[in-house]
Amino acid sequence: MEPLNFLVIDEAAQLRESESTIPLQLPDIKHAILIGDECQLPAMVASNVVEKSSMMLATAAKNMVEVAVVLKILLKLYKGFSQVKFYEQLLYVKKESKGQCHAWIGSNKKLSIGVVSPYAAQVLAIKNRLGDKYESSDGFAVKVKSVDGFQGGEEDIIIISTVRSNAGGSIGYLSNPQRVNVALTRARQCLWILGSERTLTRSESVWEAIVRDAKDRQCFFNADEDNDLAKVILQVKQELDEMEELLNPESVLFRSQRWKVVFSGNFVQSFKKLKSAQKKKLVINLLLKLASGWRPKKRKIDSVCERSSHIVKQFKVEGLNIVCTIDIEKEELQYIQVLKVWDILPLYDVSKLVKRLDDIFVKYSDDYVNRCKKKCLEGNLEVPMTWVASSEIVRVKGLSNENEYDLNGDDFDGRSVENTKVSESLLLIKFYSLSSSIVSHLLSDRDGRELDLPFEVTGEQREMILFPRSTFIHGRSGTGKTTILIMKLYQKEKLYHMAMEGFNGAETKTDRYISQENGVEEDIGVTKRAILRQLFVTVSPKLCFAVKQHISHLKSYVLGEKFPEESSLLGANDFDDVAEFNDIPNSFIDIPLSRYWPHFNAELTKKLDSSLVFTEIISHIKGGLRAVDAGDCKLSREDYVQLSGGRVSTLSTRKREKIYDVFLNYEKMKVKNGEFDLADLVIDLHCRLRDENFHVDLMDFVYIDEVQDLTMSQIALFKYICRNVNDGFVFSGDTAQTIARGIDFRFQDIRALFYKKFVLELSGNGFVGREQKRKFSDVLSLSQNFRTHAGVLKLAQSIIELLFRFFPHSIDVLKPEKSLIYGEPPVLLQSENNEDAIIKLFGNRGNLGGNVVGFGAQQVILVRDDCARKEILNHVGKQALVLTILKCKGLEFQDVLLYNFFSSSTLKDKWRVIYEYMKEQDLLDSNSPRFFPSFDEAKHSILCSELKQLYVGITRTSQRLWIWENMEELSKPMFDLWKKKSLVQVRQLDDSLAQAMQVASSLEEWRSQGIKLFHEHNYEMATMCFERAGDTYWERRSKAASLKAAADRVRNSNPEKANIILREVAEIFEAIGKADTAARCFSDLGDYERAGRIYMEKCGESELERAAECFYLAGCYKLSADAYAKGNIFTKCLDVCFIGKLFDLGKQHANTDAGEVKRIDDINRIEQGFLKRCALHYHKLKDGKSMMKFVKAFHSTDLRRSFLKSLNCLNELLLLEQESGNFLEAATIAKLRGAVLQSADLLQKAGISKKHRHLSSTMCLQTLYGHMGAKAGP
């Protein structure tokens, strides 16, 4: 072989140095050329370390989702290649290369495709799935290799599978720049990269720039936006049980839903009992698959209901059965099938549920069931059927939503669908819609707690929630009025949150309104964020607590925050309102006429009912619509008397004159006693807000629940805090439940008030056109009851009919309530031996024990007033809850015993007027009395409030209602009516019935009921519940709250007794760890030092200011200053030090504390002010030494000089200048003092020349002799 002169080494970068020296050993080599790319892969180095780390990862890593996507793309490429369409369908091609591609397609050249992955395991997985599918294809070749295997090669199309997918951005040796370079440069025509954007952009490698560049060139695509690829991804994730996607709201699992899936509260409870997290994920995964339209191929376990022929679907998962049915919902302009999940059960329990469902479905119409059974297929998917909502689809046989019901409710029985206990009803159970947020809550760690999330509402409720204008909602007890208000509020919160996050890049209606009302002109999310202000109003403390709790849960759901612990919720609001309203005088009286009435002139009150007079005063003279317009917010005599001419007035002019005389006497007595009532407080607010231009924070939306408990004047106050009359107000209530004393109006009155006082006045010009009038709704009515069954509702409806008959102006017309639950009629209890029901049920042993179970936590005895309640408690002791009807309003119990309502009524024999109504209804028989009084509104005026109280008492039960009366003659008229209409059943109260009436409750049930009563301020009954629950903390806390309320009641009449009680309260609160409340009580007692120590030692930094205030009031100034200093409250700390003459302590704090002041000039100003005050103090005491101690602490020499000169303290100033070395200034001061020699000495110290010192001394002596005159000779 001839000698070689030239040496050329290709891919030289892949050679190790030792390998490169081998060809260089050849003789006669004069020139060597090395060709390679140092940016590509270097030579492989065998290393045990590498083999055990990077190489092991490289072998093991694979991503089966990307494998499936690669196969799908190859299939599309193959089909596209065969049809010469694939470039147009799939490939992204730059404009300048399109012509080349089309020319190449027409050339019939072979298309080569390379699939590249950095991991051997991924390469192997793709090869295994690909098989030999494309090996025999003409013109279409596919190669699958690792990056290393592809170095030096190239293909027409390259598909890179990056494999790694995680939240932390870990990509292993995929971050190697040389390896990335090789992978990116293998394609001749087209390059696709499959990878996780999240992982690659967080990897802190070159991949971040690659992803950003693809986006800039509009070459970035989400694979799951392609329908075919999305299906492949979903299928693979489900096959691999990769459940982390269940927590990703943007996952294809949720975006591919075709069905609306709703699941019941029973399903939630069963789901929470699943112990395995993996099993929970499998259940959710199955539901999502069902929502996407997937159905298992073999369906042999579905159940066809025997009676209704409805199909109950069952889907197996991990040995359990998900039980579902198809239902139909109305959505806007169409009806659509939905998948309803009832429960997840073992097989042996499924048949019981199917039977219960069959009992319900048998009452469904054939048309409804047939529509539910229809199927619509799209390929392999089952999708929901839809129908245009041109006509109504009737669910229940013989029941149409368009049917009008007469007032007597004769068709009640036909509307009941389910025969069960209300608490166990399948029809009243809550349902939740499947979504990513709900799934996240289900899979969280809140096992055992109720899911407090947005639940599905009825179509009737949904229309009201979505109603876009200010709304008036009227519904009887238990029809879901509060639910609608909460959901409307929640929807606004949700829209606001979406606007803040910039969802969909669109501004919402709520967002626009908030921005305008709050003066926020800048874009939301860019600068200052607008604030959504919503106000929920109710007079019930218990309802207030429940609503706040529910809304806080919903907001945490919307914002994605951690669900608050139950204990923190209970402790968040103790309703210790005293602290919030300390400025309201103790002379406030709520219900005054009970005490004032006996002191009025007997002739004046003759033939007048006190409750009627009080209602006229509160609801009309001082609280009516016309009163709001009066200058002093009170009707004049003339205006009040003129009300007799109204079409609904039943009071004569003469009677109104007498009532107004009583009103004037009442006002004089109040003034004399220094007292005022609630109406006075409301009037004062009106005057201040109207005349004095007080600034108030405007609300965007106001929701007023139980509006019937407010006067017109109180309602009118809300116009000052919300100007959004268009859609900012919702009024909800029921005039049948108006048992708050002094309140009297109908819903149409509220609507008229809103139009006159809100719309007209806030429009500015007093003129309102048709468009403005349409800005609020007619009164919207609710009719479906969710609290109780048909048996109770029919009895309640009979009372509504009596109100319509005798007092049509006192109640609004509504359709009778309907309930889907059948229930037994209420029971009239009788006793053969005249033994009282209380004695029969509980014995006569007070608080003693015994074998009697007593009533449970969900049972209650309702009585008329506190006198009756105390009497019953003497017999019952701690065996049952005993409440008055007034106190139980807003509460709900499973069973109610209504005790002696008629026997304790002031109407007495006037109840016999009921027979007049029975005569009109042709309900009298031969046993009915022949003579009875005719209705006279003046004589029977109190009947209206009695009937409303009776209605409230009856509607507190959800299941069983028992009625007992000791005096048969007083209850007989109403009992006869109920018996004649078959609304009640009569039963003897024997031992077996007494035993059946008593229900035992768990400790947790007693505790839960105690919490509700505590927040209703019913501390006595709450204490009993906590005692039954064995919860000593809450028992003592409730007892303390009860004692606190008792102390407040006797504060004016017996302050000494009130203080004794309050001290006991404080001791209890301190003992149970309620330090802040204990401190507040000690402060109210005047024991400020103890209050301060509790605040300081037990309440943390947040209460340091209160601690300091208490110490200050106690005269413990040092403790006060220390507390202020500890709390970084600089200014007040120095003020206390000055007041307490703790000047040295203040000086010390002035040098160290400035926590609350941020700017240095403010700090200096505050310190200087304190030092100056201290110096002045000592100057007045002629204590120059102490004064100078503070003067020297001044911040500058100029300040010291100015201060001392202003006080003519030349001696002190002279000493100060000398100490500071300012001898020239000192000499000047000495000269002013006439100290000539001293001045000369100081000038010498200042370095002044002898000649100038002599001249200065001579001038000083001449001046001195001039002042002394002739007497100044030598």
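My entries follow, topic by topic.

**Ground rules.** I am working with a predicted model, where local features need pLDDT of at least 70, side-chain atom pairs count only at pLDDT 80 or more, and totals for chains, interfaces and linings use all residues. Residues are numbered from 1 along each chain as its sequence is written, and side-chain values use heavy atoms, with hydrogens and water left out.

**Salt bridges.** I searched the whole structure and got 57 salt bridges (a side-chain nitrogen of Lys or Arg within 4 Å of a carboxyl oxygen of Asp or Glu).

I looked at E197 and K215 to start: their closest N and O atoms are 2.4 Å apart. E197 sits in helix α10 (residues 197–201) and K215 in helix α11 (residues 206–216), 18 residues apart. Helices here are DSSP runs of H or I with at least four residues, strands are E runs of at least two, and both are numbered from the N terminus. E197 is partly exposed at 31% relative accessibility, and K215 is partly exposed at 39%. My cut-offs: buried is under 20% relative accessible area, exposed is over 50%, and partly exposed lies in between, with a 1.4 Å probe and protein chains only.

K756 comes out partly exposed at 37%, and D629 is partly exposed at 36%.

Then I checked K634 and E667, a salt bridge at 3.4 Å, N to O. K634 lies in the loop between α27 and α28 (637–641), and E667 lies in helix α29 (residues 653–673), 33 residues apart. K634 is partly exposed at 25%, whereas E667 is buried at 13%. Shared partners join K622, K634, E667, K670, D677 and D680 into one salt-bridge network.

**Sheet.** I traced an open sheet of four strands, ordered β4-β3-β5-β6 with parallel pairing; two strands pair if DSSP finds at least two bridges between them. β4 (140–146) and β6 (187–194) are the edge strands, each pairing on one side only. I noted six bridges between β5 (residues 155–161) and β6, and W192 in β6 is the bridge partner of I159.

**Helix pair.** How do α56 and α57 run relative to each other? The axes of α56 (residues 1223–1233) and α57 (residues 1236–1245) come within 8 Å and cross at roughly 170°. Axes are lines fitted to C-alpha atoms over the stretch in contact, with angles from 0 to 180 degrees between N-to-C directions. The two are therefore roughly antiparallel, a label for angles over 145 degrees. Contact (heavy atoms within 4.5 Å) involves residues including F1223 and L1224 of α56 and L1242 and L1243 of α57.

**Positive phi.** Most residues other than glycine have a negative phi. I found C633 with a positive phi of about 60°, although it is not a glycine. C633 is in the loop between α27 and α28, and it is buried at 1%. N1208 also has a positive phi of about 60°. N1208 sits in the loop between α54 (1197–1206) and α55 (1210–1219). Is N1208 buried or exposed? Exposed, at 58% relative accessibility.

Technical notes:
Angles under 35 degrees count as roughly parallel, over 145 as roughly antiparallel, 65 to 115 as roughly perpendicular and the rest as oblique.
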